[in-house]
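User: Please take me through the aromatic contacts, the strands and the pocket of this model, and state the cut-off behind each term.

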Amino acid sequence: MQRNFIEALAETGSVSEACKRVNRSDHGAYLLRRHPEAESFRAAWNAALDIGMQRVEDTAMDRALNGVEVPVYSYGKLVGTRRVFNDRLLMFLLRNRSPERFAADGARANRGAIGEMERRRLKKQWRAEWEAERDGRSEEEVVASINELIDNMRREDDRAKSPRVRAAEAEVRRLEEEDAANGYLWYEDPENPHYHEWPANQPQADAADQDEALSLPPPGWRRYPEPAKEREDEPRIRRLKDESWA
């Protein structure tokens, strides 16, 4: 009985029609499909529906290409038939079979990308959703709330630190401030583990003494020189931001 039902379902694609062919009710068929031990029956049911849908697609394609015969009546009498083509059915099949070529909303020109009108619509929608999430707050208020959230996270992280870790972090900050005040540069410190990564500090392959081949830039080579003082007997170059411009 189950095999006959599956064959009829694959042939017709209709559950009610398949139940009629095996002289059973569709209610019992659905009950059997929901049974815990009916895994194979459910798998066969799904496979039969796939075959039935293929038959439906083939029939629709045949009607879209070849049309259907429609009877023609005259004064209540059948005088002949004519073939009618369904252009809407044809376009529906083309859009689903080849969406990259026949889909609507500019997909043909954009090859699946969102069209310009759709992009603008989505942008307005996202903008409205973003403004609704802000609850009428200004941009400054949103930035302030984010900063407050970050500060709260830092405070929560600081509470979990031991006094020893806090003392170590304070010492690290003190050393960093001291290096910054002294103008420390890592590529000028031979004790720095990354000292030799600086191009000017790399040894030359053809040098006899590799220690002498480490050509260091002069101290302060990267600092900008101080502007030369103007002489009284030379014309002064004035700029727009010169406060003494008259």
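The questions and answers below go through these topics in turn.

User: What kind of model is this, and how many helices does the protein have?

Analyst: This is a predicted model, in which local features need pLDDT of at least 70 and side-chain atom pairs count only at pLDDT 80 or more, while totals for chains, interfaces and linings use all residues. Residues are numbered from 1 along each chain as its sequence is written, and side-chain values use heavy atoms, with hydrogens and water left out. Helices (H or I, at least four residues) and strands (E, at least two) are DSSP runs numbered from the N terminus.

User: How is the pair of Tyr-30 and Trp-45 classed: stacked, edge-to-face or tilted?

Analyst: Rings of Phe, Tyr and Trp (its six-membered ring) pair if their centres lie within 6.5 Å, and planes under 30 degrees apart count as stacked, over 60 as edge-to-face and the rest as tilted. By this rule there are five aromatic pairs. In one of them, Tyr-30 and Trp-45 are 5.4 Å apart centre to centre with 40 degrees between the planes, so the pair falls under the rest and is tilted.

User: Is Trp-45 buried or exposed?

Analyst: Buried means under 20% relative accessible area, exposed over 50%, and partly exposed in between (1.4 Å probe, protein chains only). Tyr-30, at 30%, is partly exposed. Because the relative accessible area of Trp-45 is 0%, Trp-45 counts as buried.

User: Why is the pair of Phe-41 and Trp-45 classed as it is?

Analyst: Phe-41 and Trp-45 both belong to helix H4, four residues apart, about one turn of the helix, and both are buried. Their ring centres are 5.7 Å apart and their planes stand at 90 degrees, so the pair is edge-to-face.

User: Which residue has its charged end over the ring of Trp-45?

Analyst: A charge sits over a ring if NZ of Lys or CZ of Arg is within 6 Å of the ring centre and within 35 degrees of the ring normal. Trp-45 also belongs to one aromatic cluster with Phe-5, Tyr-30 and Phe-41. The charged end found over the ring of Trp-45, 4.4 Å from its centre, is that of Arg-33.

User: How many bridges join strand S1 to strand S2?

Analyst: Two strands pair if DSSP finds at least two bridges between them. Val-68 has Val-84 in S2 as its bridge partner. Strand S1 (residues 68-74) and strand S2 (residues 77-84) run antiparallel, and the bridges that join them number seven.

User: Which helix gives the most to the lining of the largest pocket?

Analyst: On a 1 Å grid over the protein atoms alone, a pocket is an open set of points where a 1.4 Å probe fits, with protein on both sides within 12 Å along at least five of seven lines, and lining residues have an atom within 4 Å of a point. Among the residues that line the largest pocket are Phe-5 and Phe-41. Helix H1 (2-12) and H3 are the elements that give two or more residues to this lining. With three residues, the element that gives the most is H3.
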